[in-house]
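Keep the structure open as you read.

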Amino acid sequence: MLVTALLITLVGQDSAAYDGRAKQLHVDIPRIDTVIAIDGVLDEPVWKRAARLTGFSQYQPVDGLPAVEPTEVLTWYAPDAIYFGIKAREIHGNVVRATHANRDNIDSEDQIQILLDTDNGRQIAFLFGVNPYGVQQDGTRSAQFAGGAGGPQASGGGFRNINPLEGSVDLNPDYFFESRGRLVDGGYEVEMRIPFKSLRYQDSRLQNWGLHILRRVQHSGFQDTWAPAIRANANFLAQSGTLEGLHDLRRGLVLEATPTMTAHADRALDIGNGHDYRQKGELGGDLRWGIRQNLTLNGTINPDFSQVEADVGQVLLNERFALFYPEKRPFFLDGLELFDSPNQLIYTRQIVAPKAGAKLTGKLGGLNIASIVASDDKLYSWSGTHSPLFGISRLRYDFGSANTLGAVLTAREDGGDYSRVADADFRFYHSKLYWAQFQAAHSWSDSLGNQKTGSILQADWDRTGRAWGFHYTLRSLDPGFKAAAGFVNRTGIIETRAFNRITFYGAPNALVQTYGSFIDGHALTEQEALRYNDPVFREQARRSASDRWGKQVKAGQVAKCGKTAGF
């Protein structure tokens with residue numbers, strides 16, 4: 001009887017609280033084998049047994065201060081999913097901003113973001129965001145500085161005041177999870193369920209996950225975090241807390257098959273007597289198989305992208321450079337973040353209309369693997385006679401404290417024509433405030449008998465200090481460099497950039513709490529200008545000088561002999 005009473009007492013008691021400001025960041029998350037309805041009402045008894053995360057800190061505009069608005073997040077996990085319950089209080093009255101917006105369009109509203117680093121490597125985290133009504137936002141947040149295969153322009157989200165030097169957010173991927181929220185007196189509450197089928201995670205039976213929780217208070221513009229993140233740190237994800245002791249996770253069979261059938265009929269004056277139709281039908285489909293918890297195989301044949309969201313229209317102002325469009329096609333989105341590389345050597349939209357393809361993404365030990373083999377439509381052949389074949393691989397080895405060593409191999413084979421690229425890159429953190437990155441890439445191409453070869457060399461050094469930060473870049477792109485599977489928009493340049501930031505902080509509750517000043521020096525030299533003594537080049541330069549001068553003055557630059565300097 002005594003043992004029974006003791007067990008009842010233990011089961012019924014409230015769970016432990018983990019105060020972020022007290023540096024209680026190692027959460028022993030309870031495992032509870034039950035199922036609840038996700039309705040936005042935190043009234044099930046299981047929430048009393050969940051781990052309670054409290055003690056949020058302000059991150060922006062001034063880091064290190066106690067959060068003004070109280071926030072409490074409850075969490076526990078079942079064998080097949082992890083659950084979060086959010087209690088966000090608002091002490092300034094009825095000022096919570098929320099609408100029934102479209103997915104991923106909640107940047108201008110109050111919101112909570114859950115960042116799950118399931119590899120616990122402090123490099124990439126799954127992002128699950130919700131507004132007070134439970135409208136969803138999802139994607140990935142990476143410690144990498146731009147260069148995503150979905151592109152920095154594709155991020156379109158996260159919080160608008162995220163410093164791009166702190167990493168990149170990509171909201172293109174869509175993961176299945178459940179959420180429901182409601183406004184209550186003094187704030188809002190949200191329930192979330194994230195199934196393990198939607199995640200990639202470690203193979204080990206017992207594992208720890210990195211956890212960051214961010215709250216955006218829209219009326220004030222403040223951003224709070226549970227783990228007390230500070231500006232004086234080069235890696236935001238490295239300041240995460242940890243969910244510890246997850247075990248015996250049941251992902252189940254991850255096998256998705258999406259068959260498609262398309263048919264169309266064309267009618268034109270040159271078909272029969274003008275009253276006949278040319279009919280055509282086609283079968284296709286997509287397959288996704290979770291081989292292991294952190295290894296996924298995708299396949300597609302004659303994919304149908306008719307249900308994919310249309311590209312947002314863009315205005316072409318400079319015809320010298322191609323427009324960038326983010327990736328939205330399902331086959332390419334799964335594991336897209338693993339294709340990230342400096343200088344965007346991989347851009348999957350270069351595979352315009354794939355006829356068939358296979359993709360392997362995941363992690364083996366400390367090695368991240370991402371590979372695609374795909375055949376494009378003959379319409380996009382350089383010669384018009386072959387179906388271009390793409391082979392793309394990105395390998396990245398994680399070691400130490402979020403350091404990486406990576407390689408890229410890409411090839412576009414088009415009959416006798418080709419474009420091939422090999423790359424090596426290295427990124428490491430030092431002295432807490434700094435990171436450095438180096439890249440060397442070389443390309444070989446032959447298009448309709450025009451053979452070219454060229455290299456990219458780049459070095460970056462970054463300091464993420466609280467009051468003073470900088471980002472210095474030195475980059476050289478040969479005129480002959482060509483990445484047909486990437487998005488390298490401009491070649492034939494030598495670029496030097498020195499970006500400096502100085503931030504001043506006011507007193508708490510002052511009218512101006514943060515003031516930032518930026519000094520950006522930019523020098524760009526066209527490599528062809530170095531051979532200005534060539535009479536042929538000099539004549540070409542003379543003919544285009546007036547046009548180039550006008551364009552560069554509009555861009556805020558002074559031009560002389562092909563050299564430019566920002567002012």
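L253 is exposed, because its relative accessible area is 60%. This is a predicted model. L253 sits in the loop between β15 and β16 (255-266). It belongs to a nonpolar patch on the surface, together with L255, L287, W289, I291 and L297. The accessible area of these residues together is about 540 Å². Strand β17 (residues 278-292) gives the most to the patch, with 3 residues.

In soluble globular proteins, nonpolar side chains tend to be buried together. The largest nonpolar core here has 38 residues. L116, F128, M192 and W226 have the most contacts inside it. Several strands each supply at least two residues of this core, among them β3, β5 (71-78), β6 (81-89) and β12 (187-195). A second, separate core has 23 residues, including F332, I372, A483 and I493.

Take M192 as a way in. Beyond its neighbours within four places in sequence, M192 is in contact with residues including I38, I82, F84, I114, F128 and F177. E178 is also one of its contacts.

I29 counts as buried because its relative accessibility is 3%, with the cut-off at under 20%. R49 is 20 residues from I29 in sequence, and their C-alpha atoms are 9.8 Å apart.

Next come the charges. Side chains of opposite charge can pair when their charged atoms come close. A search of the whole structure finds 29 salt bridges. One of them joins E178 and R193, with the closest N and O atoms 3.2 Å apart. E178 lies in strand β11 (residues 178-184) and R193 in strand β12, so the pair ties together parts 15 residues apart in sequence. E178 is partly exposed, at 29% relative accessibility, whereas R193 is buried, at 13%.

E309 and K328 form another salt bridge, at 3.8 Å from N to O. Both lie in the loop between β18 (295-301) and α2 (330-333), so this pair ties together parts 19 residues apart in sequence. E309 is exposed at 57%, while K328 is buried at 17%.

D414 and R412 meet at 3.3 Å, N to O. Both are buried. Finally, salt bridges that share partners join D119, K363, R396 and D398 into one network.

Key:
Residues numbered from 1 in each chain as written. Predicted model: local features only at pLDDT ≥ 70, side-chain atom pairs only at ≥ 80, totals over all residues. Heavy atoms only, no water. Buried < 20%, exposed > 50% of the residue type's maximum accessible area, 1.4 Å probe, protein only. Core = buried A, V, L, I, M, F, W, Y, C linked by side-chain atoms within 4.5 Å. Helix = DSSP H or I, 4+ residues; strand = E, 2+ residues; numbered from the N terminus. Contact = heavy atoms within 4.5 Å. Patch = residues over 30% accessible without salt bridge, like charges linked within 9 Å, V, L, I, M, F, W, Y side chains within 5 Å. Areas by Shrake-Rupley, 256 points an atom, 1.4 Å probe, with all protein chains shown as cover. Salt bridge = Lys/Arg side-chain N within 4 Å of Asp/Glu carboxyl O.
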